[in-house]
Amino acid sequence: MAKAFQAVKGMNDCLPEASPLWQYLEQCLRETVSSYGYAEIRMPILENTQLFCRSIGEVTDIVEKEMYTFIDKGEDSLTLRPEGTASCVRAGIEHGLLYNQQQRLWYMGPMFRRERPQKGRYRQFYQFGAETFGFDGPDIDVELIAMSARLWERLGFADQVELQINSLGSNEAREAYKSILVEYFRENIEQLDEDSVRRLESNPLRILDTKNPDMMEVVAKAPKLQDYLDEESRSHFDVLCKKLECLGIKYCVNPTLVRGLDYYNRTVFEWVTNNLGAQGTICAGGRYDGLVSQLGGQATPACGFAMGLERIVLMLEQLDGIKDKLSQQVDVYVCMLGEAAEENGSLLTEKLRDAFPHIKFQSHCGGGNFKKQLKKADRSGAELALIIGDSEVQQSTVNVKWLRKQREQTSLSQEALLSELVDLIS
Ligand code: ATP
Ligand code: MG
């Protein structure tokens, strides 16, 4: 026998058993953002490598170690997108969606990062993102946060997540803070790991984003960016906090929250949970007012977030009663015995599908006696079985059998079924 293949490490199949939960999540996401007037944008999965280097930053984990990059037929360097914001901005500029306009956009799809696979961290993973353009006040930052808060509420785990916020200030304020930070880390250089020593020169803020547990103390004691904010960013942040309070959204200010991508300024936020072990961030975002001009567009303020869907699915799986919320694959299973019954039954099922587009029918295929067919009906999870044999064809009737509750089997005319089926399903 030939050797069977396996999926690429860190890239998962979503099996039929798992897909109802994903579909449920995707539907909640679409409905939630639609209720705020956001429109969908779909971008390609491949982009020119330089797009990500220039936006995310050369000295970041993503660009330094995690991108899937290849040369296309000896010519262009292409990269599987590691995130959606850069592509979204590229598309917005390319199609003239941003200049002098306001946009509220969302996207959903796979992202690729070559990380060490573990629970909640994969090499192909799915993100849902929202991006807004043309708004510079903290009101839109609050809208994005409120939208995500509404989603946790709807999904049923709002009590298990915490909102952390911070402000990165203006570029100038951040530059001034950087030299203070570098000075502090130099004084404590023996506590830094190799990566951080290197970043001391190239990107010192990133040291605050370290995941190394041995460095938590030196990071916690570092000077706080909050104490060096420019006046405008300070008041932007104060209004943000006030508006969150007004909406009753609880938050905690985390002074070491700097995010792993270079393009952020002012507001940054993360929703974190203790329920997923080390991979606790389920949603992360912030303001990136400089990115549009950095990628060749007219300066346009922007703010957005991205959620990791695998981590949200892991949260959902821990909820009691989640199964009840998932829609069944099959509502009605149609059993047919004999050639005449198969013809009559297939026609009837097509008519039922016309009459009840929201009910899910599965027609038995592959023959076999009624006992075998009913076993399949039961396994399908259907609530009802419709049973058609020779005598039903002759009398133009159907036997209706309830599979999930105690109720006497009954015979109905096919005509009656076409108007009453919906009443037979609870
Ligand atoms: P982390 O700190 O967990 O590495 P990040 O800062 O690299 O996250 P972002 O680039 O901000 O993550 O992506 C937004 C969200 O996408 C994260 O908060 C997380 O929920 C999810 N995410 C990021 N990388 C992965 C991955 N490799 N596998 C699954 N989900 C991921
Ligand atoms: Mg990461």
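This is a predicted model: local features need pLDDT of at least 70, side-chain atom pairs count only at pLDDT 80 or more; totals for chains, interfaces and linings use all residues.
View 1. On its own, ligand 1 has 590 Å² of accessible area, and the protein covers 92% of that (Shrake-Rupley method, 1.4 Å probe; for residues, only the protein chains shown count as cover). Residues are numbered from 1 along each chain as its sequence is written, chains are lettered from A and ligands numbered from 1 in the order in which they are written, and side-chain values use heavy atoms, with hydrogens and water left out.

**View 2. The shell around ligand 1.** There are 16 residues around the ligand, each with a heavy atom within 4 Å of it. Arg113, Glu115, Arg121, Arg259 and Thr281 come nearest. S10 gives the largest share of the shell, three residues; strands here are DSSP runs of E, at least two residues, and helices are runs of H or I, at least four, numbered from the N terminus. By type, the shell splits into six nonpolar, four polar and six charged residues (Ala, Val, Leu, Ile, Met, Phe, Trp, Tyr, Cys and Pro count as nonpolar, Asp, Glu, Lys and Arg as charged, and the others, Gly among them, as polar).

**View 3. Lys119 in its loop.** Look for Lys119 between strand S5 (103-112) and S6. Lys119 is partly exposed because its relative accessible area is 45% (buried is under 20%, exposed over 50%, partly exposed in between; 1.4 Å probe, protein chains only). Beyond neighbours within four places in sequence, Lys119 is in contact with Asn275, Leu276, Gln279 and Leu314, contact being heavy atoms within 4.5 Å. Lys119 and Gln279 sit 160 residues apart in sequence, yet 7.4 Å apart in space, C-alpha to C-alpha.

**View 4. Aromatic rings.** The structure holds nine aromatic pairs, with ring centres within 6.5 Å for Phe, Tyr and Trp (its six-membered ring); planes under 30 degrees apart are stacked, over 60 edge-to-face, the rest tilted. Tyr177 and Tyr228 are tilted, since their planes meet at 40°, with centres 5.7 Å apart. Tyr177 is buried at 1% relative accessible area, whereas Tyr228 is partly exposed at 33%.
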